[in-house]
Amino acid sequence: MFEALERLPADPILGLSAACTADPNPDKIDLTVGVYKDESGQTPVFAAIQRAQEALSEREVTKAYLPQVGDANYIAGIRTLLLGETHPALAAKRVTSVQAPGGCGALRVGAEVIKAASPNAKVWISAPTWPNHIPLIGSVGLEFKEYRYYDAATHSVDFDGMLEDLATANAGDVLLLHGCCHNPCGADLSPEQWQAVTGLVADRGLMPFIDTAYQGMGKGLEEDAFGVRHMAEHLPEVLVAASNSKNMGLYRERTGAILFCGTGAEEAEIFASQATKAARKIYSMPPAHGAILAGMVLSDPALNASWRQELAAMCERLNGVRALLDEKLSAATGKDYSFIRRESGMFSFLGLSSEQVDRLREEFSVYMVGSSRVNVAGVNKANVDYLASSVAAVL
Ligand SMILES: Cc1ncc(COP(=O)(O)O)c(C=O)c1O
């Protein structure tokens, strides 16, 4: 049966990372896959997760399925993590959250429920957006439209272009937004811009779908949630796909949730029933391990404090690397890279052509995606000079 199928090319980003691993050059630098790395190039297990895991292995007596909505501690914890303890939508009991296999699972479940509610809704995506949004959301049959977002010439958000494009959206269309730390460009909306987009969404009757995969890695846990919290307070309906892959280091444990703020408790319950039904036909039951650990970290004050501290240190390191990259690249090339400091999270575009990206890989063993998107976390004090001189050499 399957011999008639064609071999598909490897995922471009994962393929590049594999090529870097195989490269014997001791000076090689991997800036490809979106995984946090510390100063020594490791992707650490958070101490709080490690402690939760030890406690869990002592007390775990079953591997029976979790409830369909997920681990109780986790789905309650993720609501307050995203919205804050005192958010009016929580007080009004108009919020529900359903566990999903990572942010990807949450995006797909959210898309399924959107498709069930409004099969002809168009999904507005930023130009550019995370490439995986297209198959994750498109596979349920929803169609896309693009809005202007990143202006490569100014290295910042083309906010006027964004508003102009969204002014042509129809009522009931879905607006996909990056909650913080935009992937791939790193340029985020300011609080004032979030407020303006919220006004536009209300005026045009759009449905915001916020993908938030990096809370705590841009400016801080609370600051990075501004958009989600503002929209959930001021709009009748908001959908959020949350991931704890990065901010709890739970990548392979597939830990995420779809959160819905509706007009009231009844609508929230309807959403949860639809989301669990959608999950049932894709993967049936949620994976337990990561969510139980995340639930323990979110509900235990000591683990929570330890996790917050470690996450804040990661965030500080990312912002420190951004400052260092600006300094070294600007000095090596004589060009202005200060935009890297103004951007947030793990990604930025270096503004190189695909030929320059190829030369960096072939001549210098510096690996990045063809668009010149770099994972800032792959830069450290030991490799930044080599990176800067390599970039200067191909310019
Ligand atoms: C923008 C964005 N959304 C969602 C995700 C979801 O990640 P995961 O499914 O691993 O939690 C990622 C991961 O790279 C991402 O970059």
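Tutor: The radius of gyration is taken over C-alpha atoms, and the globule rule is 2.2 Å times the number of residues to the power 0.38. For the 395 residues of this predicted model, a compact globule would have a radius of gyration near 21 Å, and the protein agrees because its own value is 21 Å. The C-alpha trace spans about 60 × 55 × 55 Å along the principal axes. Within the protein there are 15 helices and 13 strands.

Seven of the strands form the open sheet, in the order β2-β10-β9-β8-β7-β3-β4 and with mixed pairing. Its edges are β2 (95–101) and β4 (143–148); each has a single partner strand, so one side of each is left without a neighbour in the sheet. On average, neighbouring strands are turned by 25° against each other, direction ignored.

W124 has K145 in β4 as its bridge partner.

Helix α3 (residues 72–83) lies across β2, β9 (238–243) and β10 (255–261), and runs at about 115° to β2.

As for the ligand, its shell includes W130, D211 and S243. Helix α5 (residues 102–117) gives the most to that shell, with three residues. By class, the shell residues divide into four nonpolar, seven polar and one charged.

Conventions
Residues numbered from 1 in each chain as written. Predicted model: local features only at pLDDT ≥ 70, side-chain atom pairs only at ≥ 80, totals over all residues. Near = placed C-beta within 6 Å. Helix = DSSP H or I, 4+ residues; strand = E, 2+ residues; numbered from the N terminus. Nonpolar A, V, L, I, M, F, W, Y, C, P; charged D, E, K, R; others polar. Pairing = 2+ DSSP bridges. Axes fitted to C-alpha atoms, helices over the stretch in contact; angles between N-to-C directions. Contact = placed C-beta atoms within 7 Å.
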